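Dear colleague,

Please find below the structure that I am handing over to you. My notes on what was found in it follow directly after.

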Amino acid sequence: MTDTYDHTPQVWTAGRLREALAGLSDDTPIHIAVADGPGDFEGYSEYALVDLEPVEKDFGEDAEAGTEVEYTLFADYKAGQYHVDLV
């Protein structure tokens, strides 16, 4: 039997992000490290932040009908040359 555990990362608020960016110049590039597994940043994939968009999320079939908006940061591969068949 596989061991399981609850993974509940602390999602940042806009205020916490502003605080983290406070000392940076406006032209500082922002990269995102994506964990290889829940909470596993030992070996991570690095991406470039490319956009912020409001995304409507459905509550799902088990909840009352409706949606909520989540502001989502979008990341893309860092600039460079890539073999198309490998990405």
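Which residue in β3 is the bridge partner of Lys 57? In this predicted model, that partner is Glu 68. The pair belongs to the contact between β2 and β3, which run antiparallel and are joined over eleven bridges. A further pair is found between these two strands, where Asp 51 stands opposite Phe 74 in β3.

**Overall layout**

Of the 87 residues in the chain, buried residues make up 3%. Taking the contacts between residues at least 6 apart in sequence, 27% join residues that are at least 24 apart.

**The sheet**

The three strands form an open sheet, with the order β1-β2-β3 and antiparallel pairing. Because β1 and β3 stand at the edges and each has a single partner strand, one side of each is left without a neighbour in the sheet. From one strand to the next, the twist averages 50°.

How many bridges join β1 to β2? There are four, and these two strands also run antiparallel. Within this pairing, Val 34 has Ser 45 as its bridge partner in β2.

Glu 53 lies in strand β2. With a relative accessible area of 35%, Glu 53 is partly exposed, because that category covers values between 20% and 50%. Once neighbours within four places in sequence are left aside, Glu 53 is in contact with Glu 70, Tyr 71, Thr 72 and Phe 74. The C-alpha atoms of Glu 53 and Leu 73 are separated by 6.7 Å, although the two residues are 20 residues apart along the chain.

Thr 67 is found in strand β3. Is Thr 67 buried or partly exposed? Its relative accessible area is 39%, so Thr 67 is partly exposed. Leaving aside neighbours within four places in sequence, Thr 67 is in contact with Glu 56, Lys 57, Asp 58 and Phe 59. Between the C-alpha atoms of Thr 67 and Val 55, which are twelve residues apart along the chain, the separation is 9.7 Å.

**The largest pocket**

Rolling a probe the size of a water molecule over the atoms shows where empty space is left. In this model, the largest pocket has a volume of about 1,000 Å³. It is lined by 27 residues, of which Val 11, Trp 12, Leu 17, Ile 32 and Leu 73 are the closest to its centre.

Which elements each supply at least two residues of this lining? They are α1 (14–21), β1 (31–34), β2 (45–58) and β3 (67–77). The largest share, five residues, comes from α1. By residue type, the lining of the largest pocket divides into 19 nonpolar, seven polar and one charged.

**In brief**

Please bear in mind throughout that the model is predicted.

With kind regards

Note on methods. Residues are numbered from 1 along each chain as its sequence is written. This is a predicted model: local features need pLDDT of at least 70, side-chain atom pairs count only at pLDDT 80 or more; totals for chains, interfaces and linings use all residues. Side-chain values use heavy atoms; hydrogens and water are left out. On a 1 Å grid over the protein atoms alone, a cavity is a set of points where a 1.4 Å probe fits but cannot get out, and a pocket is an open set with protein on both sides within 12 Å along at least five of seven lines; lining residues have an atom within 4 Å of a point. Grid points are joined across faces, edges and corners, and a volume is the space filled by probe spheres set on the points. Ala, Val, Leu, Ile, Met, Phe, Trp, Tyr, Cys and Pro count as nonpolar, Asp, Glu, Lys and Arg as charged, and the others, Gly among them, as polar. Two strands pair if DSSP finds at least two bridges between them. Axes are lines fitted to C-alpha atoms, for helices over the stretch in contact, and angles run from 0 to 180 degrees between N-to-C directions. Buried means under 20% relative accessible area, exposed over 50%, partly exposed in between (1.4 Å probe, protein chains only). Contact means heavy atoms within 4.5 Å.
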